[in-house]
Amino acid sequence: MSDATLHATEHNPDDFVVQIADQVESFLVAVTEVAKGDEPGLAVPFLLLEVSQLLLAGGRLGAHEDIVPDERYEPDPGFEPDADELRENLARLLEPVDVYSEVFDPYEPRKAPVPARISDDLADVIADLRHGMVHYRAGRTTEALWWWQFSYFSNWGSTASATLRALHSVLAHIRLDQPLEELNGLDTDQSTLGDETLEFEAGRVMQEEIGGRLGLGPVKS
């Protein structure tokens, strides 16, 4: 199907590209709002919800047949805003639970976990999605779908999945009244602090800034 044909039906809510674009746009708007920090205590549950919904769109793209763009080379999308400000705002908002441990490929044996940041991951996902949205808004809908599908497999799908697990873990620690386990020096930016200090600070902030907003009691010792 050509760009012209897809673009002609872009206002049809039953059209696949419209549904994917709506889910992408919803994620972009929601995460941008969360990053403003107006509701810091609700940041983790909101982000958990939004990433979960985005991965539904990713699953649909993954299950879809390969999308082939009309042009051999990608058209210049033009200006794209960077995600550095959003990344920094999320890092401040989520500190010190921003850093988590991740295994990149569960099918590669004996791979050691590596440190990752929720704020970095979300900013990377945002950058991928924005790139496709530029094509979509310019009427290059086949190109947009191709990019979202390609980058889902190559980057933002695994990144969002890892982020979802991290957000789920943070919220589970709070809801189940479980102290955060030792961070084992994952956060190299805080290398002057010991593991016990990092663990205590992370648990305290999780409870006071997140748990308190959710109406939960103090973490049991």
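Reader: What share of the contacts in the protein with a separation of 6 or more comes from residues 24 or more positions apart?

Author: That share is 74%. Keep in mind that this is a predicted model.

Reader: Why is Leu-171 called buried?

Author: Leu-171 sits in helix H6. Its relative accessibility is 11%, and buried means under 20%, so Leu-171 counts as buried. Across the protein, 42% of the 221 residues get that label.

Reader: What does the overall layout look like, in helices and strands?

Author: There are seven helices and two strands. Going along the sequence, the pattern reads α-α-α-α-β-β-α-α-α. The accessible surface is about 12200 Å², and carbon and sulfur atoms own 52% of that.

Reader: What makes Arg-87 and Asp-84 a salt bridge?

Author: Their side chains come to 3.9 Å, N to O. The cut-off is 4 Å, so the pair counts as a salt bridge. Both residues belong to helix H4, which spans residues 84–94, and they are three residues apart, about one turn of the helix.

Reader: Which other residue meets Arg-87 in a salt bridge, Asp-120 included?

Author: Asp-120 is the one to look at here: its side chain and that of Arg-87 meet at 3.3 Å, N to O. This pair links distant parts of the chain, with Asp-120 in helix H5 (residues 118–137) and Arg-87 in helix H4, 33 residues apart. Asp-120 is at 28% relative accessibility, so this residue counts as partly exposed too. Salt bridges join Asp-84, Arg-87, Asp-120 and Asp-124 into a network.

Reader: How many salt bridges does the structure hold?

Author: Seven. Another of them pairs Lys-36 with Glu-33, at 2.8 Å, N to O. Glu-33 has a relative accessibility of 41% and counts as partly exposed.

Reader: How do you know that the buried residues of H4 are on the same side of the helix?

Author: The residues in question are Leu-86, Leu-90, Leu-93 and Leu-94. They cover an arc of only 85 degrees around the axis, which puts them on the same side of H4. The face turned away from that buried side carries the exposed residues Glu-85 and Arg-92. As for what covers the buried residues, the list includes helix H2 (16–35), helix H3 (43–63) and H5.

Reader: How many aromatic pairs are there, and why is the pair of Trp-147 and Phe-150 called tilted?

Author: The structure has six aromatic pairs. For Trp-147 and Phe-150, the ring centres are 6.0 Å apart and the planes stand at 45 degrees. The centres are within 6.5 Å, so the rings count as a pair. Stacked would need under 30 degrees and edge-to-face over 60, so 45 degrees makes the pair tilted. Both residues lie in helix H6 (residues 141–175), three residues apart, about one turn of the helix. Trp-146 comes in as well: ring pairs link Trp-146, Trp-147 and Phe-150 into a cluster.

Reader: Which label, buried or partly exposed, goes to Trp-147, and which to Phe-150?

Author: Trp-147 has a relative accessible area of 15%, under the 20% cut-off, so Trp-147 is buried. Phe-150, at 41%, falls between 20% and 50%, so Phe-150 is partly exposed.

Reader: Where is confidence lowest, and where is it highest?

Author: Confidence is lowest in helix H1 (residues 3–8), with a mean of 41, and highest in H3, at 97. Over residues 1–10 the pLDDT is below 50, and this stretch has 21 contacts in the model beyond near neighbours in sequence. Residues 183–203 also stay under 50, with 23 contacts beyond four places in sequence. For the protein, the average pLDDT is 79, and 72% of the residues score at least 70.

Terms used. Residues numbered from 1 in each chain as written. Predicted model: local features only at pLDDT ≥ 70, side-chain atom pairs only at ≥ 80, totals over all residues. Heavy atoms only, no water. Buried < 20%, exposed > 50% of the residue type's maximum accessible area, 1.4 Å probe, protein only. Helix = DSSP H or I, 4+ residues; strand = E, 2+ residues; numbered from the N terminus. Arc of directions from axis to C-beta. Contact = heavy atoms within 4.5 Å. Areas by Shrake-Rupley, 256 points an atom, 1.4 Å probe, with all protein chains shown as cover. pLDDT = per-residue confidence, 0-100.
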